[in-house]
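Work through the exercises below with the sequence and the model open. Each task is followed by its solution in steps.

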Amino acid sequence: MMFEPELEGMGQEELEQLQLERLQSTLTRVSRNVPFYRKKFEELGLDPYDFTSLDDVRELPLTTRQDLRDNAPYGLFAVPLREVVRLQTSSGFSGGTTVFGYTLSDIRKWSRLTARVLAAGGAGKEDVVHVAHAYGLSTMAFGMHYGAETLGATVVPVSSGNARRQVGIILDYRATALACIPSYALFLADLMDEMGVNRNALPLRWGLFSGEVWSEDTRRTIQERLNITATDNYGVSEIMGPGVAGECLERRGMHVQEDHFLAEIIDPQTLQPVPAGQMGELVLTTLTKEALPMVRFRTGDLTRLIPDPCSCGRTFTRMERIQGRSDDMLIIQGINVYPERIKAILAETHHVQPNHLIVVDRHGGLDTAKLLVEADMVEPDQIKTQQRFIERTRQQLAMELGLVFDVQLVERQTITELETGIGRVVDRRNP
Amino acid sequence: MLVLKNVDVFYGRVHAIRRVSLHVHQGEVVALIGGNGAGKTTLLTTISGLLRAKGGGLTFEGREITRERPERIVAAGISQVPERRLVFKPMSVEDNLLLGAYQRYSLKNKAAIRKDIQEIYEMFPVLGQRKDQPAGNLSGGEQQMLAIGRALMAKPRMLLLDEPGMGLAPALSQMIFRHVAELRDVFGLTVLLVEQNAKSALKIADRGYVLETGRIILQGPSEELLLNRDVQRAYLGRDVEVE
């Protein structure tokens, strides 16, 4: 089912006209209202009014997460704060560094786009949608929540945590759709086995998963174990949150909502567009966002665009499931974590820069994060000092990243020997 | 139905319309809103061919009309209702309507034209009641009805309406807007509507474009634009002027 069939199935020519109109008005607004873009355009000698075709977008400068941090909190907003009705942030960033704003109309558009994603993944008016993303500053829970309401479905805003209760709610409320990160679905499946829940008695029919890299194998496992149809969907908070792209029931790539976002794939090294259909970094330009329009935002996510038409009737191009990151960002339990940030947190907390190693693993479908820190700066015979160090590090990481690390102290010189991954990271998970 | 791509228009040396792209689908009412001097009328006049685009292209039902003469554009199915109504005041109401059918006037069309006039009297009964009076005797609202009726006599598929509510009492202006919605809903007519009164226009329109100093700064479904502050400001701008 399509939520907005007249839009999701529009012809190519019509789509290009609409994209051009929206790109032109977006560029007009950012060059008038966002000094950062006005300056960038001036430096590059670009007049946004010279843009007469969609291909011209390649001339425009790229926007990075660093640009957002440099202009935090509100520097890239294209409307005054009094017109912003909502602030969110991306998971994993330390408090207050980057902020994403929405006008009333942005929230409305967001709701319709996530409604499209839910409908594409099989959900409809009759469904009871169990949202097990964490409600809070990150965009995933609210996005799926609004989408489900806009679709006319019934939302259960369970949020994350307390998994046993979640299983109870799924059974008691007869939830028919589950929205969460894929590894959490596996974790729930394990728990259901442990609790002796009969898979065939599960009311669930649809699974809408996003927030981390997962594989076809994982999809098969989830589908089998929860007896559901599992679809992949994609969002990026800087752009909007969930609702950017979502799979239809064909489950062969996610339809990008091209009437609201312009998608390009670039080579993350040369920053040039890759030939059609090739793998590279996804770059998105918002076409309708009012509060925080983004021009050629580098998502850091690796994927490719699938040019062939889809048999579901949607005309929007599809992107393959995310294959990984073009930078060193880790996604742990659906939370974005930069190793650089952990280094900084250690330095801020203890005023030293110890050698350290991040070890990410997956047990029973759930990610675990371990931080090994070389203990040359604490007295080895002072157990209390060591414990305080561990506790403070744990607390600081949990507070700033929203992620609980198992912090361990190791002897000097051990980390260089252990270090096998890139930089200070060992990722033992298989997607 | 109507597609504009990167249209540039100059008024002498003034770059009045800059790289404007917009489209209107069959059966839609699309509102073009913006303050005084934003270029709304200029854009409308360019579509009807009275002004020439310096750059970019216009197509109507897939056919290029960028360099077409105004009378050919009327024949192609686009009729404009000019701002401030501009009816021929000394002429009778009925003669004004007949003039609207000038393009297709011939002996064999005579009966058809008669029938069309009757239809317009049904839609605007007051015009029928006063058909023999000079148009100049009509009230502002009635003159607006006459101007719309006259444009309809050319049997257009698309109507360009320039500020139909201008200078009318609010109740009258609401009535005109209701008639515009009726043209779409009952007769399937496509309408591009220029208006400073953003609120009234967006209430009946399907979509809208916001023009500011010759450029489109916003566009989208009417219900979304109504939530936007820039649009609200444009609307307030008009109120201030009226006062």
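Two strands pair if DSSP finds at least two bridges between them. The model used here is a predicted one.

**Exercise 1. Determine how strand E9 of chain B is paired and how its residues are placed.**

Step 1. E9(B) and strand E10 (residues 215–221) of chain B are joined by six bridges and run antiparallel. Within this pair, B:Val210 has B:Leu218 as its bridge partner.

Step 2. Strand E3 (residues 29–33) of chain B is joined to E9(B) by four bridges, and these two strands run parallel. Here B:Ala31 stands opposite B:Gly208.

Step 3. In a regular strand the side chains alternate between the two faces of the sheet. In E9(B), B:Arg207, B:Tyr209 and B:Leu211 point one way, while B:Gly208, B:Val210 and B:Glu212 point the other way.

Step 4. Six of the six residues of E9(B), which covers residues 207–212, are buried.

Step 5. The hairpin of E9(B) and E10(B) has two residues between the strands, and B:Thr213 in this hairpin has a positive phi near 35°.

**Exercise 2. Check the length of helix H11 of chain A and find which residues form its buried side.**

Step 1. The helix has 19 residues (383–401), so at 1.5 Å a residue it should span 27 Å. Its end C-alpha atoms are 27 Å apart, which agrees.

Step 2. The buried residues of H11(A) are A:Phe389, A:Thr393, A:Leu397 and A:Leu401. They cover an arc of only 55° around the axis, and therefore lie on the same side of H11(A).

Step 3. An α-helix has 3.6 residues a turn, so residues three or four places apart point the same way.

Step 4. The buried residues pack against strand E17 (335–337), H10 and strand E20 (406–410) of chain A. The face turned away from them carries exposed residues, including A:Lys384, A:Arg388 and A:Glu391.

Step 5. After the helix comes A:Gly402, with a positive phi near 70°.

**Exercise 3. Classify A:Pro354, A:Arg174 and B:Arg19 as buried, partly exposed or exposed.**

Step 1. The cut-off for buried is 20 or more other C-beta atoms within 10 Å, and for exposed 12 or fewer.

Step 2. A:Pro354 has 21 other C-beta atoms within 10 Å, so A:Pro354 is buried. This proline is in the loop between helix H10 (339–350) and strand E18 (356–363) of chain A.

Step 3. A:Arg174 has 14 C-beta neighbours inside 10 Å and therefore counts as partly exposed. A:Arg174 lies in the loop between helix H7 (163–172) and strand E5 (177–180) of chain A.

Step 4. B:Arg19 has 24 C-beta neighbours inside 10 Å and so counts as buried. B:Arg19 is found in strand E2 (residues 14–24) of chain B.

**Exercise 4. Which backbone values stand out at A:Arg174, B:Arg19 and A:Pro73?**

Step 1. Most residues other than glycine have a negative phi, and most peptide bonds are trans.

Step 2. A:Arg174 has a positive phi of about 55°, and the phi of B:Arg19 is also positive, near 45°.

Step 3. The peptide bond from A:Ala72 to A:Pro73 is cis, with omega near -5°. A:Pro73 lies in the loop between helix H4 (65–70) and strand E1 (84–88) of chain A.

How values were computed
Residues are numbered from 1 along each chain as its sequence is written. Chains are lettered from A and ligands numbered from 1 in the order in which they are written. This is a predicted model: local features need pLDDT of at least 70, side-chain atom pairs count only at pLDDT 80 or more; totals for chains, interfaces and linings use all residues. The expected span of a helix is 1.5 Å times one less than its number of residues. The arc is that of the directions from the helix axis to the C-beta atoms. Two residues are in contact if their C-beta atoms, placed from the backbone, lie within 7 Å.
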